[in-house]
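Q: I have just opened this entry and would like a short tour. Could we go through it together?
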Amino acid sequence: MMFRFTAIVCLVASANAFAPGPSFKTRTSLRMSSEEYDFDVAIVGCGVGGHGAALHSRAQNLKTAVFSGEDVGGTCVNRGCVPSKALLAASGRVRDMKDASHLESMGIQVEGEVKFDRQGIADHAKNLANRVKGNLEASLVGLGVDVIEGRGILTGNPHEIKDGLSGKVYTAKDIILAPGSIPFVPPGVEVDEKTVYTSDGALELQFVPEWVAIIGSGYIGLEFSDVYTALGSEVTFIEAMDNLMPTFDREIAKQAERLLIRDRPIDYRTGVFAAEVTPGIPGEKPVTIKMIDAKTKEHVETLEVDAAMVATGRVPNTKDMGLEDMGIETNRGFVAVDEKMRVLTKQEDGEVVPNLYCIGDANGKMMLAHAASAQGISAIENIVGRPHEVDHNAIPAACFTHPEISMVGPTEEQCVEMAEKEGWKLGKSQGSFRANSKALAEGEGAGMAKVLFNEDTGKVVAVHIIGIHAADLIQECANAVAAGTTVKELSMMVHTHPTLSEVIDEAFKGAVGMSSH
């Protein structure tokens, strides 16, 4: 994973891709208002969304400030996407090296016990986060962005923002809120970030518990179950919904249960709440989890485990930002915005707050780092007078388990409802990893790709993949959704042989009655 370099290059490139020609930059310089305001654009928050907005703002020659809140990189870089991938990469190597039958099928033998250094794996994650954080900050400074250490707080007056550290008030023609989110801890759960912890504490990998309960079976819970089982832990999922992975496409979720849960030291409880969770002491006192039925609220079971991870989602980090002083009503902390990322006074029938935008997790449209970056770029486009709206249906997502899961667009269940409501016929085609030469060469033939399309127009509506490198394969599909490419057009595009991309090619060809070799 070449995050040290590519994370910066990709964001810089994406920002520069929107950069206007010289004639527009001349017009942009005319709207510079340094005499009236301290900045053209002030951005509250310096995660991937705020960083993307800042890069694109500077590409438009706008005087830009970022209020970092002493957290350059935000959740993704410091406590999320980046360090978790480091843990998954290291633990994945351990899993692969321990899989003797897999290695023997390729003529490889590992003598002796496969060992790992827990602290070394934890340091790998921490060091990667620090490198990426440093590169993000360097890119901002290098492009002339003013990085203000404090948290930005709205004062209640238009165009004003206060530095939470120094108390100094700055002015900006336009303000973008990008405060991100924090882990949600349900009532009754006591977190000490040692034996009962959120993803923030889990990333520190203070110890590898023999038995860990993971509360929630979404992206975060699944990824950490992958890490823990690879390092030798037993895992119990506690899920409030009736099914594991409730937000996933059902067909994919069933395959994921077979590939990621059934053959591993994992069991689960569904339809229950972890109503009371009490921390323990490592090696001395267990963590106690009292579970109640999600419907009847009656006590059903009490577990005693070595550790409990709370993976029940995230909530906006919008508290004490001065939103109320601006007359802005939030819904569970989420800030309402229109399609141009302009802040609304409230969710229903709200009015646009002039010169104020909100991007990323705080607006709740799609809680993904790359979605936040896209929204930040879009907000800048609208600020400089080029109307733009993000197509959230074309934004891909991925779960970096082994094997990976990825998707773009609605689930098949949602597509069925859409087709019935809108009056079009849903088509479905699949490709398989078990017939793919590259996957078989890797000994990774498990998995599938599913393409859902509008039979009337031929346009791709959604794609769901589970299999080796699914996270990389989804991008081609997301581009197809974004461009409105038809399955007929896609079926005639040539894919390199032998590559995993031919799994997608098989599905595209199958959609129009063709066969893939």
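Q: What share of the residues in the protein is buried?
A: Of the 517 residues in the protein, 50% are buried, where buried means under 20% relative accessible area, exposed over 50%, and partly exposed in between (1.4 Å probe, protein chains only). Please note that this is a predicted model, in which local features need pLDDT of at least 70, side-chain atom pairs count only at pLDDT 80 or more, and totals for chains, interfaces and linings use all residues. Residues are numbered from 1 along each chain as its sequence is written, and side-chain values use heavy atoms, with hydrogens and water left out.

Q: How many helices and strands are there?
A: The protein has 16 helices and 23 strands; these are DSSP runs (helices H or I, at least four residues; strands E, at least two), numbered from the N terminus.

Q: And what about the radius of gyration?
A: The protein has 24 Å, which agrees with the value near 24 Å for a compact globule of 517 residues. This radius is taken over C-alpha atoms, and the globule rule is 2.2 Å times the number of residues to the power 0.38. The C-alpha trace spans about 70 × 60 × 50 Å along its principal axes.

Q: Which residues have the most contacts inside the largest nonpolar core?
A: They are Ile176, Leu177, Tyr228 and Ile405, in a core of 89 residues. Helix 7 gives the most to this core, with seven residues. A nonpolar core is a set of buried Ala, Val, Leu, Ile, Met, Phe, Trp, Tyr and Cys residues joined through side-chain atoms within 4.5 Å. Another core, of 26 residues, lies apart from it and includes Ile465 and Leu500.

Q: What is isoleucine 176 in contact with?
A: Leaving aside neighbours within four places in sequence, its contacts (heavy atoms within 4.5 Å) include Val41, Ile43, Tyr357 and Ile383.

Q: Changing topic, which residues form a nonpolar patch on the surface?
A: Met97, Met106, Ile108 and Val110 do, with about 330 Å² of accessible area together. Areas come from the Shrake-Rupley method with a 1.4 Å probe, and for residues only the protein chains shown count as cover.

Q: Where is isoleucine 108?
A: Isoleucine 108 is in the loop between helix 6 (100-104) and helix 7 (118-142), and is partly exposed at 38% relative accessible area.

Terms used:
Patch = residues over 30% accessible without salt bridge, like charges linked within 9 Å, V, L, I, M, F, W, Y side chains within 5 Å. Salt bridge = Lys/Arg side-chain N within 4 Å of Asp/Glu carboxyl O.
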